[in-house]
Structures are given as structure tokens and as C-alpha cells.
Amino acid sequence: MHAMARLEAAISAALVDIPVVRVGGVVNEVAPTHYRLNGISPFVKLGDRVGYTDGGRVALGEVVRINDDGAVIKPFDARISVGIGAVAFRMGAMALSPHPSWKGRVINALGEPIDGRGVLMRGERAMPVDTEPPPAMTRARIRKPLRTGVRVVDLFTPLCEGQRIGIFAGSGVGKSTLLSMLARAQGFDSVVVSLVGERGREVREFLEGALAPNLSRSVVVVSTGDESPMMRRLAPQSALAVAEYFRDLGDSVLLIVDSVTRYAHAARDVALAAGEPAVARGYTPSVFSALPKLLERAGPGSEGAGSITGVFSVLVDGDDHNDPVADAIRGTLDGHIVLDRSIADQGRFPAVNMLGSISRLADLVWSKDERELVRRLRAMISRFEDTRDLRLMGGYHAGSDTELDQAVALVPKIYDALRQHPEGAACKDAFADLAQVLRGGAPAAQQPRTS
């Protein structure tokens, strides 16, 4: 018996000294967007990482196309420094190893720290960045209402824990500001934020401003607009891998992705480099299959696990809310909040179009009386907006239509009640605030503080 133990120990020691065999290929083509490897095709699959040594570091890329004579590699770096004849090696599928100590840290899409606070501790479990959503029949049902503290959201598009909601807006309408207000929502154990294609100056503004109160329980994944399409495509996937790690620990996770549209743009660039044809406004078919796969990873976990409440911003190109990406995303999510440029031009923020926004899980939040009240409010606002031109031309006379008289008297007060400054106090009870305004007071969150 002792002899067998000694033999096992000797074999183990010998195996440690055996060098790791690496599979590689030779670069035979370099283009501005990709490079090609010869001799590696039988050993790789789509999505595998490939790396070559560049000045003492490993420059990573991803296999995006495989042929008999080689593989096309899309690099994560913004520039390609590899040359003809260089050797690159297969490094397996991309995965992160999150750890609870990652909370409060800022990382890039590859899971590397960029906040200057030292190395990250690696967890024991590797989380693939590209994984399948939980099976439909194993997921828990959504039941728990969620209070965001944003008055217009809690009134007209209330959310539940584990819901996925989209914020649809053109540029400059207040999309990022509304996201920053939602990031302050309480009741979550962990917050994961993915900033995709953002301006570099806005990153610290978001971290040290809107997210500051919750930064200690947040993990922020950043890929700025000057980084490569590969990094911008990877950032939301990495954020979801981190969110899934905390969800599996039983946490209630708030996931914010700003924006899914820039993820789609990056996925389009990668697919075009792989030779995929464009089918709709320059977008390739794989973009429309990747979007639901990404979005479905958020939501409730299996019974007994936590949940991921997803808030995804959608940048509507040219204010066209029916562009292919927006249309595909809207059909996948559990609701959408539409920001309207005409409302922003009137100085009403958040510039939410209550008539065009919907939460598919609102009935789980509203009581019977609240549901009826919101229905009547929507009808009143619709009547007020439909007759705006008529009233401007002097075609309205008070007393001729009691319902319109009521709308003219109350809707401006409702609009005032829904105004909320991003740095103001969070709303505790949206219906109580609205009732107080209609009685002639001010919302609790807007009342001056007393010493």
C-alpha cells in the first residue's frame, strides 16, 4: 500500500514537470480589422481566444471564422501589431472568475482592473462570458414589486424584481440621466453596470456622481467608445457573467447596460469582418440572434437562486423607434420606457412619454384602485395632448366639454408632479405625491428641507 502511494506521488511530480502543449498557427494575412492564422483550424472553434506575445504582454483576439485553410481572428486591441509569420496560440473560451471582493471595483471587458486599486482576487468558479440563459421551466416566477424612487416610473411603468425593462431614447433626451436615477434604487444586494461605448469623460462622472452611494456594492464594466468593437461587444457579456455569479449566490442583482444599441453596432462590425452579409440597415443576421440571447440571460434565476433585474438603454437612431435593433429589443423585453424629445424640449424631465411606455408586469404591482386610477390618468393625458392644437387655435371654450375641462385643469399639475431632478431625493410613494400635488401641495421629494 505504501509502495502504491509512493508511485502515485512520483507520477504526480513527473506530470507537474511536463510542459504544457500549446496549439498555435502562423499569421499569413493582416488586415485593418482582423488577421488570419494558418494551421490552427482543426483545433479551435468559434469564440475561442487566441493570443500572441506583443512587447512582453499577450495580445488577445477571438476566432470569428474558420475555414479549411485557416481561421480569422478579431483582436481585442484597437490596433493590430502582429506581423506576417508571427505565431499565435489557442487559449480556450473566454471566462471570468468573479469574487465578492469585486464589489466597488471598475474593470474592463476582459475582467482586468482599471481603477488603479491593485489586482483582483479570483473566485473559485469560472463564469463563461457567453453562456446560455437559464431553461424556461426552471426559472422562478416574478412576484416581488420594486420601488425605483423615480416618480413617473413608479406610477406608469412600475417594475418587479427580476424584470427586464428598456429605456428607448434618441441622443440628448436624458437617457443616461434616467439610468443614473434608477441606479440609486434600493433593495438590491448587488449592482452591476456595463458602460458600452460611452465617452471617456462620462465614466468618472457616473461613478463619482450617480453611482457613488451604491459604489461599494457595485461592479462596473467599462468599454469606452475609442476601444475596439470586440471590447464593446464583450463588455455586456462580461457584466452578465458577473451578475450571474452574484445571482447564483442568492443575491438580488440590478444590472444596468448603457447601451444595448452600441453592443449591436459592435456585434455588426465583428460579423462584417467575419464575412457575414448585411440584411437590414447594415446589420447582419447574427446580430438579431445575439440580442435575445444576451437579454434573456437577465431575469429570475432558478428556484432558490437570486434574480437579475435588467435595465437596458436603447439609443434610437434618428429618433426612429421602429429601427431594426429597437424593434427586436422591444419585442424581447418585459416593457419599455420611451423618452420623447418634444417633452424634453418643454423642460419636463425625466422626459417619459407615459402614453408610449408600458410595463408588462404592472398588474403585479398595482392594486385594483391604482390600476383604475392610472387608466383614467392616461385617458386624461391623451385627451389633453390630442386637443393641444385645437386649444392653441382658440377652438376650445371652457364649459363645453366637462372631460376636457378636467384634463385642462389637472394635466399641467400632473406634469409638475412628475418632474424630478436627478440630484433630488428619491420618491417614497408616487401615488401619495401625486395626490398631494393635485390638492395644491408639492411632492414630498421636492419640498424644502427643514433644519
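In this predicted model, the domain assignment divides the chain into domain 1 (19-93), domain 2 (100-363) and domain 3 (369-439). Between domain 1 and domain 2, the C-alpha centres lie 30 Å apart, and the contact draws on 12 residues from domain 1 and 12 residues from domain 2.

Strand β1 (residues 24-30) runs antiparallel to strand β2 (residues 35-38), with four bridges between them, and a hairpin of four residues links β1 to β2. On its other pairing, β2 meets strand β5 (residues 70-75), again in the antiparallel sense, over three bridges. R36 can be followed through both pairings: R36 in β2 is the bridge partner of E29, and V72 in β5 is the bridge partner of R36.

Turning to the interface, domain 1 and domain 2 bury about 910 Å² between them, and 69% of this area is on carbon and sulfur atoms. V64, K74 and F76 account for 55% of the area that domain 1 buries against domain 2, more than any other three residues.

Polar links are also found here. One salt bridge is counted between domain 1 and domain 2; E62 pairs with R233 in a salt bridge whose closest N and O atoms are 2.5 Å apart. Three residue pairs are in polar contact across the interface of the two domains. On the side of domain 1 that touches domain 2, β4 (57-67) and β5 each supply at least two residues, and β4 gives the most, with four residues. The residues of this side comprise six nonpolar, two polar and four charged.

Technical notes:
Residues numbered from 1 in each chain as written. Predicted model: local features only at pLDDT ≥ 70, side-chain atom pairs only at ≥ 80, totals over all residues. Heavy atoms only, no water. Pairing = 2+ DSSP bridges. Domains from an automatic or database assignment. Contact = heavy atoms within 4.5 Å. Buried area = accessible area lost by both parts, 1.4 Å probe. Salt bridge = Lys/Arg side-chain N within 4 Å of Asp/Glu carboxyl O. Polar contact = N/O pair within 3.5 Å; in protein donor to acceptor, adjacent residues only side chain to side chain. Nonpolar A, V, L, I, M, F, W, Y, C, P; charged D, E, K, R; others polar.
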